[in-house]
Amino acid sequence: MPGVQLIAISTLILILLPIIVLEWEQRNVPNWLYLLLGAAGIAFTLTSRGLGTAIASLAAGIAILLLLAGGIAYMRRSWKLRLLSGGQIKLLAAGAAWLGPSGAVLMLSLVILLFVISVVFLRIRKKAVLRPDSEAIAAIAILIVQVHQGLAT
C-alpha cells in the first residue's frame, strides 16, 4: 500500500472519529465535519488521481446526497417510515465524495448488508426497540472501502 494511501486512511479515521463519538453521545454533529470529510476526500483524490477523478468523486457525493434525501423523504411521506436521519445521509454523501463513484456503490452495498445483519441480530436478541447504530455502520463501510481501494493500488 503506497504511503499516500496510508495518509488517506489516517486522515479518514481522524475525521470519522469525532462524528461517531458525537453521535454516540447523542450530540449534534456540526455540518462542517461532514463538509470536511467530503472536501478532504476530494482533495485526496485530486492530488493522487487527478482532476477528472476528483470531479467524479464530487458528482458521486452530490448524487448520493440527492438520491438518499429524495428517497428517504418519499418513504417518510408515503409510508411514514423513517430509516435515516439527515446526519446519516450527510455522512453517506461525504463518504461517497471521499470514495468516488465505484467506492460509493460498494459503500452503499456494505451499509445495506451491515444494517440488515444488525437488525437480524437485534431481533434475535429480542431488542426490537433498539435501532442499529447507522452512523457506526456507515463509518465502518466507508473505512472498509477506503482500505480496499488502498490495497488495490
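Predicted model: local features only at pLDDT ≥ 70, side-chain atom pairs only at ≥ 80, totals over all residues.
Residues are numbered from 1 along each chain as its sequence is written. Local features need pLDDT of at least 70 and side-chain atom pairs count only at pLDDT 80 or more, while totals for chains, interfaces and linings use all residues, and side-chain values use heavy atoms, with hydrogens and water left out.

The chain contains five helices and zero strands, where helices (H or I, at least four residues) and strands (E, at least two) are DSSP runs numbered from the N terminus. The C-alpha trace spans about 45 × 30 × 25 Å along its principal axes. Of the 153 residues, 40% count as buried, a term that means under 20% relative accessible area, with exposed meaning over 50% and partly exposed in between (1.4 Å probe, protein chains only).

The whole structure holds two aromatic pairs, that is, rings of Phe, Tyr and Trp (its six-membered ring) whose centres lie within 6.5 Å, with planes under 30 degrees apart counted as stacked, over 60 as edge-to-face and the rest as tilted. Phe44 and Trp98 form a stacked pair, at 6.2 Å centre to centre and with 15° between the planes. Because Phe44 lies in helix H2 (residues 31–49) and Trp98 in helix H4 (residues 86–124), this pair ties together parts that are 54 residues apart in sequence. Both Phe44 and Trp98 are buried. Tyr74 and Trp79 form an edge-to-face pair, at 5.9 Å centre to centre and with 75° between the planes; here Tyr74 is partly exposed, with a relative accessible area of 42%, and Trp79 is exposed, with a relative accessible area of 53%.
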